[in-house]
Amino acid sequence: MESATQYSPQGVEERWYKYWESKNYFKSVPDEREPFTIVIPPPNITGVLHMGHMLNNTIQDILVRRARLQGKNACWVPGTDHASIATEAKVVRMLREKGIKKSDLSRDEFLQHAFDWKEKYGGIILQQLRKLGASCDWDRTAFTMDETRSRSVIQCFIDLYRKGKLYRGKRMIHWDTEAKTVLSNEEVIYKEENAQLFYIKYSLEKDPTQSVTIATQRPETIMADTAVAVHPEDDRYRHLIGEKVVIPLIKRAIPVIADEYVDKEFGTGALKVTPAHDQNDFELGLKHNLELIDILNEDGTLNETAKILIGEDRFVARKKIKSLLDESGDLVSIKDYFTNIGRSERTFCVVEPRLSLQWYVDSKQLSEPALRAVMNSTIEFLPDHMKNTFKHWMENIRDWCISRQLWWGHRIPAYYYQDEVFVQASRQEAIQEAKEKLGETFDESQLIQDEDVLDTWFSSWLWPISVFDGFNHSKDFQYYYPTSVLVTGWDIIFLWVARMIMAGYEWTGDKPFQKVYFTGMVRDQQGRKMSKQLGNSPDALELIEKFGADGVRFGMLSASPAGGDLLFNEKLCSQGWNFCNKIYNSARLIKMWSVNEMSASNSDQLIMKWMESRMVEIFQESDRLIEQSKLSEALKLLYSFFMDDFSGFYLEAIKPQGGSQISDELMNKTIHFFSRICTLLHPFMPFITEEIWHQVKHRNEGEDCMVSVYPAHNSYEKEILKTIQEVRDILSNSYKLRQQNNLKMNVGLPFYIQESEFPNVLIENGVEELLQKLGRFSEISVSKSEVLNSKSFLGLRHKYYLVLPVQIDKNAELQQLEEDIMYQNGFISAVEKKLQNERFVQSAPADLVEKERKKLEDGQIRLKALIERKHSLMIE
């Protein structure tokens, strides 16, 4: 049965993924082999596959599949994150649609709804990752709120508390009025936005005819003001220091205080001080012993303390305050300006500064070992410049607020009784501790557990340890930890990467991973970050459906330098599918040939010998690039090798003439080469390579591409590579001359090689036969001198002539020679400059330096020949 002329990935990809799973190829258990371990950055259970996931997980899969081919025990641990804020918001919305309010439910009832939602929707993204080809050990799938992970979280909280590295304190925090929870500093996104400065008049209490004008972005909080601050050296206000002014609308008197914190140049130089609703004002309030007046509810509406506009949303109140101040004559003016506005990373609402009692990790006590490990390269960052970002944050680290006012998450294991706090893993243990401390006066019915849950990141920072049950020192943990590499986005270097490193050294005394591979952002062609809001993010599953997983993987990786942003273009995925199709049709071509009992010809022997060496060279270069985490460059190298060397040249060179038969030896070698190419490409494009692996040859049970073996780093013949490169240059130039002169391939042309001090390519057995076959020359001869009435071109160390049945344009050839001489001079200059760079010569690998020296020598030979040819033409 004749196979289809185009590759269709849909059926192929599903079939092979099921096959791999049935063979347990993704599964890993500890054994005597070297482990290679990756833990997946756990996607939120609310998530669906997007472009960022596809890039990140494609890179992880490449590294894991390559490790398997290297004979390592590769373990890729999947899992999901419970995502407190995002999931609770989803569940609340779902309940609202059913007519149920969260406030009408008990905590346990709400959590049952949340777990039901998680079971229904929480695993969707892991199913979608299968379509991408992710070869995770699915039996190890973890969830940040499963029993093992939850036990680890509670254990670490208690441990930090007992070490004095975790505490409860009342501080100014960032408040999400939509989610009704505190946010850490890293969960607040700042962006410059349009805003307005309201200039408001505060009358002097003792003389209402006098006033001071303040400038504020937040007129809705004037009811919480407890002072007006001015700079002590500001002559405009010095006479008012110590006096009192009256807040408009509510007519409450507040003092005028002096503080050097005030910027005389901003606004009017007079600052309203609202300690309960601004971090800097809070610090001023502490310094000057000012009253704290909180006028906002948890949802951002005004409370009764505000005295006016009670129940109104803060932004509605802002508009109404504007009208009220206008009516009272206290609104002087309004000016537009740009300022940084902080918004919640999850709900995108404007965060509210709020004084609150929360739990904190004393991050400074944990940071030093982590900083040292990164800066001395115990943990390698790729790209290396991310160290600077890490260093800046770690040296300025702030305490981490870990409590969240939610129900979905790990409930804080702290129990309160009057003024006492008992931190224990269970209520029963807290009761036991309380009885021992308080004796008969203790009433256990009054013992109350903290209502809050822990920040989602407090479970995620333990991920490399907890997925292997490391706090119980399991066999898995001892074998797989520390992990080999972490692949993640640079945007969570603080939220997650830094904290995992701190946790690793705190509880294991060791790094959590050896390397961190930072991916860039996936952006559109205009450089914008892909997002639902902009509508510029393609549907990941639709791309896979259209181009196949291999096509999408190729498209993502071919434009994705480590740490650099990816400017996504769907054309890259189309190119990936075209590549799959080329591989597929190359296999179809080979399968159309049959074998005979004849020996391989000299040219076939030559081309097999060349391909053997070329494959070793390509493997070693691609392997070096992958080791340096240059995955994009490695893929491009393999792509060019297949398209140009294997399909474009090798298959053309061995294609049978006047029939469809080739020698048995040549067929076996060709299948061997194709199989090896499948192995090299498999980490990048697993489905097409497995399909072709089985198409080109009957395989025994378990003899699959996914578990084949990477080629060894053997030596190879460099001379044969030079010879065939010279042959290809000859053919390329002759094809070009035929095209320029409208001469078809069936027109035989005499071809000459001019003698020089170097041996010519014809001394290699099979070269002349190969040139005849592919160049269609009527004769091939060696000439001691230049050949008249011909077109010449330069090879590596020889001059070649093609006799054409057309009039030679001497002036055109001279012009071309001038251009070639100019190019060659530039080439030589660039190589000389490189070799004159002492840093390059001393630090680059010796073979690379030698290659550059060889390039310089060859360039100088070519330049000499060009100049000689120019002089000859001018004499003629």
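User: What is a cavity, and which residues line the largest cavity in this model?
Analyst: A cavity is a set of grid points where a 1.4 Å probe fits but cannot get out, and a lining residue has an atom within 4 Å of such a point. The model here is a predicted one. By that rule, the residues that line the largest cavity are Trp 175, Thr 177, His 277, Leu 296, Asn 297, Glu 352, Pro 353 and Arg 354.

User: How much space lies in the largest cavity?
Analyst: The count comes to one cavity of 30 Å³ or more. The space in the largest cavity is about 40 Å³.

User: Which strand gives the largest share of the lining of the largest cavity?
Analyst: By class, this lining has three nonpolar, three polar and two charged residues. The largest share of the lining is three residues, and they come from strand β14, residues 352-361.

User: Which element gives the most residues to the lining of the second largest pocket?
Analyst: The second largest pocket holds about 2,100 Å³ of space. It is lined by 50 residues, and the closest to its centre are Gln 725, Asp 729, Leu 796, Lys 855 and Arg 862. The elements that give two or more residues to this lining include α18 (602-627), α19 (631-654), β30 (791-794) and α26 (846-875). With 13 residues, the element that gives the most is α22.

User: How many residues in the lining of the second largest pocket are charged?
Analyst: Asp, Glu, Lys and Arg count as charged. The lining of the second largest pocket also has 17 nonpolar and nine polar residues, and its charged residues number 24.

User: Is β30 covered on its faces by buried or exposed residues?
Analyst: A residue is buried when its relative accessible area is under 20%. On one side of β30 are Lys 791 and Phe 793, and on the other are Ser 792 and Leu 794. Both faces are covered, and these four residues of β30 are all buried.

User: Which residue in β31 is the bridge partner of Ser 792?
Analyst: Strand β31 (residues 799-802) pairs with β30 in the antiparallel sense, over four bridges. The two strands form a hairpin, with four residues between them. Across this pairing, the bridge partner of Ser 792 is Tyr 801.

User: Which residue in β23 stands opposite Glu 380?
Analyst: β15 runs parallel to β23 (residues 513-519), and three bridges join them. In that pairing, the residue of β23 opposite Glu 380 is Lys 515.

User: What is the omega of the cis peptide bond that joins Tyr 481 and Pro 482?
Analyst: Most peptide bonds are trans. A cis bond joins Leu 382 and Pro 383, with omega about 5°, and Pro 383 is in the loop between β15 and α10 (386-395). Pro 482 lies in the loop between α14 (475-480) and β22. The cis bond between Tyr 481 and Pro 482 has an omega of about 0°.

User: Why does Lys 251 count as exposed?
Analyst: Lys 251 is found in the loop between β10 (244-246) and β11 (253-258). Its phi is positive, about 55°, although it is not a glycine. Exposed means over 50% relative accessible area. Lys 251 counts as exposed because its relative accessibility is 59%.

User: Is Ser 629 buried or exposed?
Analyst: Ser 629 is in the loop between α18 and α19. Ser 629 has a positive phi of about 65° and is not a glycine. With a relative accessible area of 8%, Ser 629 is buried.

User: What distance separates the C-alpha atoms of His 672 and Lys 697?
Analyst: His 672 is in helix α20, residues 664-681. His 672 is partly exposed, with a relative accessible area of 32%. Along the chain, His 672 and Lys 697 are 25 residues apart, and their C-alpha atoms are separated by 9.2 Å.

Conventions. Residues numbered from 1 in each chain as written. Predicted model: local features only at pLDDT ≥ 70, side-chain atom pairs only at ≥ 80, totals over all residues. Heavy atoms only, no water. 1 Å grid on protein atoms, 1.4 Å probe; cavity = no way out; pocket = protein on both sides within 12 Å on 5 of 7 lines; lining within 4 Å. Points joined across faces, edges and corners; volume = space filled by probe spheres on them. Pairing = 2+ DSSP bridges. Buried < 20%, exposed > 50% of the residue type's maximum accessible area, 1.4 Å probe, protein only.
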